Amino acid sequence: MSTIQVKDEQGVRIITINRPDKRNALSLEMYTSLTEYLIQGESDNAIYCFLIKGQQDCFTSGNDVADFLKNSKLDSEHPAFNFLFHLLDLKKPLVAAVTGAAVGIGTTLLLHCDLVYADSTAKFQLPFVNLALVPEAGASLLLPQLVGAQKASELLLLGESFDAQTAKTLNIINDVIPSETIFYFALAQAVKLAKQPPQALQASRALIRSNKELVRQQMKDELEQFAIRLKSDEARSRFEAFLKK
């Protein structure tokens, strides 16, 4: 069964992360598939909105560390970072439904979504410094803009998990939705977006995200530091301990 499942419904491309045996950890192959499905959806005139979700008990636990380390050449063509740059360049809106763990990329990708809904089981975490790394996906710029420098420092430098209600208070998500209805609710919201005048919707989205080039530069700076940190002795030590666990 595919680890990234895609279904088009009512003008919405529904992308499901489907690797429950690995807590939806994202492999390089999965990143490549995510990017391809976004590119295809952008060029498909029957698709007006994207919806990304995971399993009921897990959105994504972040990178598949062992697989991620197989491709040590970190640049914009690395599958993970290539996905992030395509995420930045999306013209069509993106909705997320978050249940269970949303670790690392599971939280940072939400900063690029237009609407985000979570249930009460959602647990968010940004453990980059914990792994002797630095943030990615422009989080070091987007998060301070969203929650303020002090709170962003707490979330990024300590890397502790936080719940859905905290995420709502911080405006990282739009609302907390009951577990039994969250996927239906998120799809209904995505369908609403899909029914809006598409050109006006995309133009408005571009205006809301008028700092995109600033975010792009921040992502490049993050990538440069990420590559340096990944090769460091302290990162190697943290990853060895993580993999043993």
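Modeller: Contact means heavy atoms within 4.5 Å. Keep that cut-off in mind; this is a predicted model.

Biologist: Which residues does Phe239 touch, not counting residues up to four places away in sequence?

Modeller: Phe239 touches Val65, Leu69, Leu131, Leu133 and Leu230. Phe239 itself sits in helix α11, residues 233-244.

Biologist: Is Phe239 buried or exposed?

Modeller: Buried means under 20% relative accessible area. Phe239 has 6%, so it counts as buried.

Biologist: What separates the C-alpha atoms of Phe239 and Ala66?

Modeller: A distance of 8.8 Å, although the two residues are 173 apart along the chain.

Biologist: Now a helix. How should I read its faces?

Modeller: An α-helix has 3.6 residues a turn, so residues three or four places apart point the same way. Take α5, residues 139-147. Its buried residues are Ala139, Leu141, Leu142, Leu143 and Val147.

Biologist: What do the buried residues of α5 pack against?

Modeller: Three helices are involved: α4 (105-108), α6 (149-158) and α10 (212-230).

Biologist: Which residue follows α5?

Modeller: Gly148, with a positive phi near 95°.

Biologist: How many bridges join β5 to β7?

Modeller: There are 4, between residues 94-98 of β5 and 115-118 of β7, and these two strands run parallel.

How values were computed. Residues numbered from 1 in each chain as written. Predicted model: local features only at pLDDT ≥ 70, side-chain atom pairs only at ≥ 80, totals over all residues. Heavy atoms only, no water. Pairing = 2+ DSSP bridges. Buried < 20%, exposed > 50% of the residue type's maximum accessible area, 1.4 Å probe, protein only.
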